[in-house]
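This report walks through one protein chain, from a single side chain out to the whole fold. Keep the sequence and the structure open beside the text.

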Amino acid sequence: MIVDIPAIVRVLGDAAVDYIVVGAVAANIHGSARTTLDIDVVYSRTAANVERHTAALSPYQPYLRGAPPGLPFTFDPATVNRGLNFTLTT
């Protein structure tokens, strides 16, 4: 699967989510030749930002990457506030 990184940046930017890009994408921006098939972000965990973050991504039905199909998962502020790291697929 090819990840549309500019589209993800637009979605988060249009929603005014406070975040930074880290990992291989950030390294690419700084000239690294390393390839990646995903984007890693660190977002501000303020209540308002978590609301914007989950609202921005919810239309894309985020689901836990590698989780068995049908596993109950709701991507909402309460879930995000209870966790720290989420590896999602959309």
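## His53 and its contacts

Leaving aside neighbours within four places in sequence, His53 is in contact with Leu12, Val17, Tyr43 and Phe75. Contact here means heavy atoms within 4.5 Å. His53 sits in helix α3. Helices (H or I, at least four residues) and strands (E, at least two) are DSSP runs, numbered from the N terminus. His53 is buried, at a relative accessible area of 5%. Buried means under 20% relative accessible area, exposed means over 50%, and partly exposed lies in between (1.4 Å probe, protein chains only).

## Basis of the model

This is a predicted model: local features need pLDDT of at least 70, side-chain atom pairs count only at pLDDT 80 or more, and totals for chains, interfaces and linings use all residues. Residues are numbered from 1 along each chain as its sequence is written, and side-chain values use heavy atoms, with hydrogens and water left out.

pLDDT is the predictor's confidence in each residue, from 0 to 100. Its mean for the protein is 87, and 87% of the residues reach 70 or more. Confidence is highest in α3, at 97, and lowest in helix α2 (residues 23-29), at a mean of 65. Where pLDDT is low, the predicted coordinates should not be read in detail.

## Overall fold

The protein has four helices and four strands. Along the sequence they follow the pattern α-β-α-β-α-β-α-β. Of the 90 residues, 23% count as buried. Take the contacts with a separation of 6 or more: residues 24 or more positions apart account for 50% of them.

## Nonpolar core

Which residues make up the largest nonpolar core? There are ten: Val11, Leu12, Val17, Tyr43, Val50, Ala56, Leu57, Phe73, Phe75 and Val80. The elements that give two or more residues to this core are α1 and α3. The largest share, three residues, comes from α3. A nonpolar core is a set of buried Ala, Val, Leu, Ile, Met, Phe, Trp, Tyr and Cys residues joined through side-chain atoms within 4.5 Å. In soluble globular proteins, nonpolar side chains tend to be buried together.

Phe75 belongs to this core. Phe75 lies in the loop between β3 and α4. Its relative accessible area is 9%, so Phe75 is buried. Not counting residues up to four places away in sequence, Phe75 touches His53, Thr54, Leu57, Ser58, Pro62, Val80 and Leu88. Phe75 and Phe86 are eleven residues apart in sequence and 9.9 Å apart in space, C-alpha to C-alpha.

## Aromatic pair

The structure holds one aromatic pair. The ring centres of Tyr63 and Phe73 are 6.3 Å apart and the planes stand at 90 degrees, so the pair is edge-to-face. Rings of Phe, Tyr and Trp (its six-membered ring) pair if their centres lie within 6.5 Å; planes under 30 degrees apart count as stacked, over 60 as edge-to-face and the rest as tilted.

The pair links distant parts of the chain. Tyr63 is in strand β3 (residues 63-64), Phe73 is in the loop between β3 and α4, and ten residues separate them. Tyr63 is partly exposed, with a relative accessible area of 21%. Phe73 is also one of the core residues.

## Salt bridge

How many salt bridges does the structure hold? It holds one. The side chains of Arg52 and Asp18 meet at 3.5 Å, N to O. The two residues are 34 apart, with Arg52 in helix α3 (residues 47-57) and Asp18 in the loop between α1 (5-14) and β1 (19-22). A salt bridge is a side-chain nitrogen of Lys or Arg within 4 Å of a carboxyl oxygen of Asp or Glu.

Both partners are partly exposed: Arg52 has 27% relative accessibility, and Asp18 has 44%.

## Thr79 in helix α4

Is Thr79 buried or exposed? Thr79 is buried, at a relative accessible area of 15%. Thr79 is found in helix α4 (residues 77-82). The Thr79 side chain reaches the backbone oxygen of Thr74 at 2.7 Å. It also makes a polar contact with the side chain of Asp76, at 2.8 Å. A polar contact is a pair of N or O atoms within 3.5 Å; within protein, one must be able to donate a hydrogen and the other to accept it, and residues adjacent in sequence count only if both atoms are side-chain atoms.

Not counting residues up to four places away in sequence, Thr79 touches Phe73, Thr74 and Phe86.
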